[in-house]
2 protein chains.
Amino acid sequence: MERLRFSADAAFTPRDPLLDGITIAPLTAPFESGCPVQAAIFRVAPGGRIARHRPNNGTQILAVLEGSGQISGADGELHPITAGEAVFWSEGEEHEMQSETGLTALILEAEELRPWRNRP
Amino acid sequence: MERLRFSADAAFTPRDPLLDGITIAPLTAPFESGCPVQAAIFRVAPGGRIARHRPNNGTQILAVLEGSGQISGADGELHPITAGEAVFWSEGEEHEMQSETGLTALILEAEELRPWRNRP
């Protein structure tokens, strides 16, 4: 058993021009270490965002834990997203995320994630 | 882009004798579908628990998002855990989790997760 922390005081501010007003608290070691999944808690300050980009890390699930914002996928159309909602982006799908009021999200990345499908 | 929900109303109550007072809202499709990772939000009611067991799904990370409880690993000794803290259990490591007051946790399972290591 090994313990770790992902509270705000355990987070770091990434140097990434795509990320604005965001801190990251990882749960897993980086891909480079051989971990097949990356999971991290992203805290987005009011007005913060992940700028539109085409990812090169396979598939992704973003799950909003607190707060709300807007996301888009391949077509670039922004849709609202709030706590309790998640989004799956397929491999190489261009996307973005922004929040006027701030949010906290889990981001999961792996080569071949498959999203849960809720019953209609 | 595909959307999904993991709010309390999207959760189900698992029929698993190891799980007591728990609902599950998955983020990913099951292992059986070919997804290499399982991620789900577990909501534990006051007095609820994951009974002590030896898992057969590889490694696991449990991250407490809200509330608090107690966890143990191979040695069976219970330790407190609270929101912002996570625990990594290695492959086949016997473990348990319980909460007197209730908690919400993310559980990640995969063959070879590696936990993030906070700077001391």
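Read along the sequence, chain A runs β-β-β-β-β-β-β-β. The radius of gyration of chain A is 14 Å, close to the 14 Å that the globule rule gives for 120 residues, so chain A is as compact as a globular protein of that length. Please keep in mind that this is a predicted model. Chain A also has a partner, with 47 residues of chain A in contact with 47 residues of chain B.

**Chain A as a whole**

- If you count the elements in chain A, you find 8 strands and 0 helices.
- The C-alpha trace of chain A spans about 40 × 30 × 30 Å along its principal axes.
- Of the 120 residues in chain A, 51% are buried.
- Take the contacts in chain A between residues at least 6 apart in sequence: 61% of these join residues at least 24 apart.
- Chain A has an accessible surface of about 5,800 Å², and carbon and sulfur atoms account for 47% of that surface.

**Where the two chains meet**

- The size of an interface is often given as the accessible area lost when the parts come together.
- Here, chain A and chain B bury about 4,100 Å² between them, and 62% of this is on carbon and sulfur atoms.
- On the chain A side, the residues that lose the most area to chain B are Met1(A), Glu2(A) and Trp116(A), which together make up 20% of what that side buries.

- Let's begin with Thr104(A), which sits in strand 8 of chain A, a strand covering residues 103–110.
- Thr104(A) has a relative accessibility of 14%, and because buried means under 20%, Thr104(A) counts as buried.
- Setting aside residues up to four places away in sequence, Thr104(A) touches Ile41(A), Phe42(A) and Arg43(A), as well as Ala63(A), Val64(A), Leu65(A) and Glu66(A).
- Next comes Leu19(A), which belongs to strand 2 of chain A, made of residues 19–26.
- Leu19(A) is buried too, since its relative accessible area is 16%, and the cut-off for buried is under 20%.
- The contacts of Leu19(A), not counting residues up to four places away in sequence, are Pro14(A), Ile24(A), Phe42(A), Arg49(A) and Ile50(A).
- Leu19(A) and Gly48(A) are 29 residues apart in sequence, yet their C-alpha atoms are 7.7 Å apart in space.

**An exposed loop residue in chain A**

- Glu91(A) can be found in the loop that joins strand 6 (85–89) to strand 7 (95–98) in chain A.
- With a relative accessibility of 59%, Glu91(A) counts as exposed, because exposed means over 50%.
- Apart from its neighbours within four places in sequence, Glu91(A) is in contact with Gly58(A), Thr59(A) and Glu111(A).
- Between Glu91(A) and Pro55(A) there are 36 residues of separation in sequence and 7.7 Å in space, going from C-alpha to C-alpha.

**Two partly exposed residues in chain B**

- Now hop over to chain B, where Ala11(B) lies in the loop between strand 1 (2–5) and strand 2 (19–26).
- Ala11(B) counts as partly exposed at 22% relative accessibility, because that value falls between the limits of 20% for buried and 50% for exposed.
- Leaving out residues up to four places away in sequence, Ala11(B) touches Thr23(B), Ile24(B), Ala25(B) and Arg43(B).
- One of these contacts, Ile24(B), is 13 residues from Ala11(B) in sequence and 5.1 Å away in space, C-alpha to C-alpha.
- Ala45(B) is part of strand 3 of chain B, which covers residues 37–53.
- The relative accessibility of Ala45(B) is 35%, so Ala45(B) also counts as partly exposed.
- Gly21(B), Ser99(B) and Gly102(B) are the residues that Ala45(B) touches when those up to four places away in sequence are not counted.
- Finally, Ala45(B) and Thr82(B) are 37 residues apart in sequence, and from C-alpha to C-alpha they are 15 Å apart in space.

Note on methods. Residues numbered from 1 in each chain as written. Chains lettered and ligands numbered in written order. Predicted model: local features only at pLDDT ≥ 70, side-chain atom pairs only at ≥ 80, totals over all residues. Heavy atoms only, no water. Helix = DSSP H or I, 4+ residues; strand = E, 2+ residues; numbered from the N terminus. Rg over C-alpha atoms; globule rule 2.2 N^0.38 Å. Buried < 20%, exposed > 50% of the residue type's maximum accessible area, 1.4 Å probe, protein only. Contact = heavy atoms within 4.5 Å. Areas by Shrake-Rupley, 256 points an atom, 1.4 Å probe, with all protein chains shown as cover. Buried area = accessible area lost by both parts, 1.4 Å probe.
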